[in-house]
Structure formats: structure tokens, C-alpha cells
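Student: I have a model open and want to go through it with you. Can we start with how strands get paired up?

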Amino acid sequence: MKDFKIVICGGGSTYTAGIVKDLLDQSHELKIRELWLYDIDEERQNKVAVVVQAVVAQFAPDLDVRVTTDPAEAFSGANFIMAQMRVGGLEMRVSDEVTCLKHGVVGQETCGAGGMAYGMRTIYPMCQLVDYCEEYAAPDYWIVNYSNPAAIVAKAMHKLRPNARILDICDMPVEIEARMAEILGCELDDIEVDYFGLNHFGWFTSVRCKGEDVTDKLKAHVRTYGYISEASLNDSLVKDPDWQHTFENSATISTLFQDYLPNTYYQYYLMPDSCVEYMDINNTRGMQVINGREKRMFAASEALQRGEDVDLTQFYVGVHGRFIVDVVKSLALDLRHRHLVIVPNNGIIENLSDDATVEVPAYITDRGPEPVRVGTIPRFYKGLIENQDACEGLIVEAVIEGSYQKALQAFTLNRTIPSATVAKALLDDLIEQNKGYWPELK
Ligand SMILES: NC(=O)c1ccc[n+]([C@@H]2O[C@H](COP(=O)([O-])OP(=O)(O)OC[C@H]3O[C@@H](n4cnc5c(N)ncnc54)[C@H](O)[C@@H]3O)[C@@H](O)[C@H]2O)c1
Ligand SMILES: O=P(O)(O)OC[C@H]1O[C@H](O[C@H]2[C@H](O)[C@@H](O)[C@@H](O)O[C@@H]2CO)[C@H](O)[C@@H](O)[C@@H]1O
Ligand SMILES: [Mn+2]
């Protein structure tokens with residue numbers, strides 16, 4: 001049986017313990033030779049590593065988890081690199097959110113100006129990760145990337161590192177499929193979808209449950225209740241009021257546009273006014289994560305170091321860990337499982353340009369994804385997607401060329417920003433806030 005060196009890049013992430021639990025759950029199929037955590041922040045990673053060691057002690061006591069900030073050590077001979085870096089940390093997430101809200105526009109991690117700011121911080125650190133892997137990793141390495149904003153990261157890597165063995169993914173559609181399974185009373189594994197769009201900007205065109213077409217049944221439910229059902233109220237993610245609100249908001253969008261079922265992230269683009277009204281500048285999502293998920297992780301680390309018992313199940317939330325492990329497993333073992341992934345369009349959606357960065361179903365082989373052809377899409381959806389893809393493309397070009405004008409064009413095109421003058425004032429503030437992270441824009 002083949003075995004693999006697996007590296008988690010962004011080892012200090014609040015998600016690491018959950019991902020490791022899912023790796024261990026599936027280690028009878030995906031055999032682990034070595035497991036490494038790599039981060040640029042030694043202190044943070046060491047705290048998270050204490051929790052990870054506790055997970056490993058419970059499920060695979062013979063596995064020796066290695067922890068490092070040395071890229072040569074981490075990536076030498078690596079087969080799979082799971083990337084989840086947050087460039088600028090949660091502190092810069094909050095800074096983006098607050099700056100946007102001060103200008104009266106959506107302040108969000110991956111959507112609107114917050115997403116563009118985060119993208120401008122992340123492009124070059126991701127290039128560096130690719131370069132480390134090209135230098136040190138096994139020749140057939142795969143980076144499976146969660147690092148956000150995945151749409152901009154993917155587009156930038158396709159342009160700047162076209163030969164990199166990197167596959168960008170997002171767990172949001174799978175999490176929506178989990179809600180669909182709850183609505184239908186079936187298992188997540190019973191669900192298969194057709195889907196097209198960009199990352200955090202897509203639509204489910206058809207849903208099957210054990211082969212039966214359940215699209216209309218789901219549409220009727222979602223128009224009334226969003227993606228929430230009785231069963232989902234027990235789900236650990238839905239218990240978070242912010243996520244419950246997000247899943248509920250899909251009711252409005254699927255009532256207004258009944259062709260397809262929306263990705264939850266459309267709330268920020270199609271209902272930006274009500275999102276701004278809902279957001280609280282004194283309690284942004286980033287602040288909630290710092291005071292919630294991050295605080296619980298650090299508290300658990302300290303308690304474990306004091307020799308106390310900790311409930312580790314609090315870190316196994318949602319489909320996040322399982323999804324990335326499923327994708328790695330399909331790449332490693334050539335399983336050809338069908339997953340949604342983010343790839344260059346190249347004709348998949350016929351009436352979009354080849355260099356659009358689309359999210360579509362693909363069969364995952366050991367040579368990479370084999371995307372499923374979508375065909376042509378109707379004008380409304382095409383218009384939305386082309387506008388957003390142009391916006392994300394301009395951000396990538398702004399970073400590469402150091403172009404203020406292209407950044408301003410991107411901000412102006414974005415649906416969450418009402419005018420060119422708001423775009424300029426906000427961009428100027430974000431430049432100040434992002435000093436040391438963004439390239440200089442001239
Ligand atoms: N694609 C998806 O659907 C999806 C889902 C959930 C989270 N995410 C993303 O996963 C990432 C982690 O989220 P989190 O909330 O756990 O963040 P976090 O801040 O808790 O952890 C991120 C870690 O990345 C590290 N890091 C920063 N720059 C790095 C670099 N250049 N190289 C290596 N490590 C670096 C930080 O030191 C930190 O330990 C974020 O990018 C988040 O947006 C994506
Ligand atoms: O606001 P956060 O940090 O809680 O979440 C932001 C991320 O949200 C999505 O990921 C969800 C995921 O859908 C779900 O499976 C579960 O595991 O929680 C995740 C985080 O709450 C989204 O897909 C990511 O891109 C965001 O980073
Ligand atoms: Mn996502």
C-alpha cells in the first residue's frame with residue numbers, strides 16, 4: 001500500500017485539529033508516512049500543535065507529528081500539501097471588515113472589498129509556497145488549497161505559476177449539500193449536484209439524491225426556509241447564529257431567481273444593503289472568530305498543557321476536514337470521485353472566456369481534475385459572473401503590475417460597492433491599513 005508525506009501549511013490554523021482528525025479517520029485508505037505542520041508563526045503553531053497531539057494520541061498514538069517553521073524540512077519529499085494560510089491573520093480580517101463598514105459597504109472575509117484586500121495580501125505568499133514545493137517536494141506533489149480568497153488565489157496561481165500542481169477548493173457548496181441532505185432526510189454521500197459559477201459565486205443547477213432528481217423539491221423548501229430545516233438546527237455549524245442567518249438568507253435569493261439554487265455567498269452580492277444593516281462594526285465576523293473559535297483553541301491548548309481533560313469534539317465542526325481529505329484521497333489513489341473544484345474555464349462554460357476561474361464538478365484523478373462540461377449559461381448568470389471574474393482578474397493584474405488604476409477599476413466593478421467615489425475612498429483607506437502586505441500601487 002502506498003504511503004504519503006502530508007504537510008499542513010498554516011499549521012497554526014484554527015482548523016488544523018479538525019483536519020487531522022479527518023486524516024486519521026481515513027488513514028486506513030490514505031496511509032500516512034509522515035505528518036508535518038508548517039507555519040511562519042512558531043508560537044501560534046506550537047499552541048495548536050498541543051491540541052493536534054492530543055487528537056493524534058487518541059486516534060493514532062504511533063504517529064509522530066512533526067512541527068516546523070523551516071520550509072526545507074517541511075516540504076522535502078512531500079506528496080500532499082494542504083494549504084490554509086491566512087495572510088495578515090485574523091487581525092487583518094477585522095481591519096478589512098471595519099474599514100469597509102466605515103464606508104457603509106459589506107465588510108467580509110472573501111467578498112467585496114474585504115475579499116479583494118485579502119487577495120492582494122495573499123498572492124505572493126502563495127507563490128512562495130508553490131516555489132517551496134517545486135524546490136523541495138516530490139515531483140508529483142499536489143497542493144490542495146483552502147487559503148482564501150480562493151477565487152483570487154486560484155486566478156493568480158493560474159497566471160503566475162501555470163505549471164504548479166495546485167488544486168483550489170472550497171467547502172461551502174459541500175456544507176450546503178449537507179443542509180440539503182438534512183432537508184431531504186438522507187446522507188450527504190447520497191447527494192450529487194450539477195453546479196457552475198465562480199468561487200463563493202455559484203449556482204446549483206440540479207440536485208440528485210440516490211439518483212432521483214430532487215431539485216424542485218429543494219427549491220420549494222429553500223424559497224420558504226432557506227437551507228434551514230428542523231434537522232439542521234442540531235448541526236454544530238448552524239448553531240452559530242451568523243451561519244444560521246446566512247443559510248436563511250438564501251430564501252430571498254431563491255424566491256427572486258428561481259432557475260437555480262444559490263450559493264449562500266450570493267447574499268453579499270445580491271443583498272449588500274441588508275448585509276450591511278445586519279453587520280455590526282463592533283462585533284464583526286472576524287471579532288466573533290477571535291472571541292470564539294480562536295479563544296477556545298488557545299484555552300484547550302493551555303488546559304492540555306496543565307494536564308487537564310479537554311473535549312476535542314468541539315474542533316470537529318462541519319464538513320471542512322472531511323472534504324479536503326476526500327479530495328487528497330481521490331488524487332492520491334486515483335479514485336475519480338466527483339467534487340466541486342476551482343479551475344481555469346478553458347471551454348467548460350462555453351460562453352465564458354477561457355481564462356475565467358470557474359467552480360464546477362470534476363472527477364479527481366491522480367493526474368488532477370477532469371472537469372465536467374457545463375455548456376452555455378443564460379445571460380443573467382453570465383453577466384453576473386463576467387462582472388465578478390473581471391473584478392477578480394483586475395485585482396490579480398493590479399498586484400502583478402502595481403497598478404492603482406486597475407485596483408480602482410476592480411473596486412468600482414464590484415457589486416458590493418455603490419460608486420467610483422466610494423471605491424476610491426475605500427481603496428485609499430485599505431492601502432493605508434495594508435502597508436507592508438500589499439505591493440506599492442502607483
Ligand atoms: N476555501 C474554503 O472554503 C475555506 C474554508 C475555511 C477556511 N478557509 C481559509 O483557511 C485559512 C485558515 O483559516 P483560519 O480561520 O483557521 O485562520 P488562522 O488565522 O487561524 O490560521 C491561519 C494560519 O496561517 C498562518 N500563515 C499566515 N501566512 C502564512 C504563510 N505565508 N505560510 C504559512 N502559514 C501562514 C498563520 O500564522 C496562521 O497560523 C484562511 O485562509 C481561511 O480563509 C478556507
Ligand atoms: O467566518 P468563519 O471563519 O467561521 O468562516 C469563513 C469560511 O466559511 C466557509 O467555510 C465554512 C464551511 O462552509 C463549513 O464547512 C464549516 O467547516 O465552517 C467553515 C467556516 O465556518 C467558507 O467556505 C470559507 O471560504 C470561509 O473561510
Ligand atoms: Mn470557501
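Tutor: Two strands count as paired if DSSP finds at least two bridges between them. Keep in mind that this is a predicted model.

Student: OK, what is the bridge partner of cysteine 209 in strand 9?

Tutor: Cysteine 209 is bridged to glutamate 212 of strand 9. Strand 8 and strand 9 (residues 212-213) pair in the antiparallel sense, over two bridges.

Student: And which residue has a positive phi in the hairpin of strand 8 and strand 9?

Tutor: Lysine 210, with a positive phi near 45°. That hairpin has two residues between the strands.

Student: What about strand 7 and strand 8, how many bridges join them?

Tutor: Eight bridges, between strand 7 (residues 191-198) and strand 8 (residues 201-209), and the two run antiparallel. Aspartate 194 stands opposite serine 206 of strand 8. Strand 7 and strand 8 also form a hairpin with two residues between them. In its turn, histidine 200 has a positive phi of about 55°.

Student: Where does strand 10 come in, and what stands opposite proline 262?

Tutor: Strand 10 (residues 261-262) runs antiparallel to strand 8 and is joined to it by two bridges. Tryptophan 203 is the residue opposite proline 262.

Student: Switching to helices. At what angle do helix 4 and helix 16 pack?

Tutor: About 155°, with the axes of helix 4 (residues 89-102) and helix 16 (residues 420-433) 10 Å apart.

Student: Why call helix 4 and helix 16 roughly antiparallel?

Tutor: Because angles over 145 degrees count as roughly antiparallel, and the angle here is about 155°. Helix 4 and helix 16 are therefore described that way. The crossing of helix 4 past helix 16 is right-handed.

Student: Which residues make the contact?

Tutor: Helix 4 uses Ser95, Thr99 and Cys100, while helix 16 uses Leu426, Asp429, Leu430 and Gln433. By class, that contact has three nonpolar, three polar and one charged residues.

Student: Now the ligands. Which residues come nearest to ligand 1?

Tutor: Gly10, Gly12, Ser13, Asp41 and Asn148, out of 27 residues around ligand 1. Helix 2 (42-59) and helix 4 are the elements that give two or more residues to that shell. The shell divides into eleven nonpolar, ten polar and six charged residues.

Student: And how many residues surround ligand 2?

Tutor: Ligand 2 is surrounded by 14 residues, with Asp171, Met172, Glu175, Gly318 and His320 the closest. Helix 7 (172-184) and helix 12 (285-305) each supply at least two residues of the shell. By class, the shell around ligand 2 has six nonpolar, four polar and four charged residues.

Note on methods
Residues numbered from 1 in each chain as written. Chains lettered and ligands numbered in written order. Predicted model: local features only at pLDDT ≥ 70, side-chain atom pairs only at ≥ 80, totals over all residues. Axes fitted to C-alpha atoms, helices over the stretch in contact; angles between N-to-C directions. Helix = DSSP H or I, 4+ residues; strand = E, 2+ residues; numbered from the N terminus. Parallel < 35°, antiparallel > 145°, perpendicular 65-115°, else oblique. Left-handed = near helix turned anticlockwise from the far one by under 90°. Contact = placed C-beta atoms within 7 Å. Nonpolar A, V, L, I, M, F, W, Y, C, P; charged D, E, K, R; others polar. Near = placed C-beta within 6 Å.
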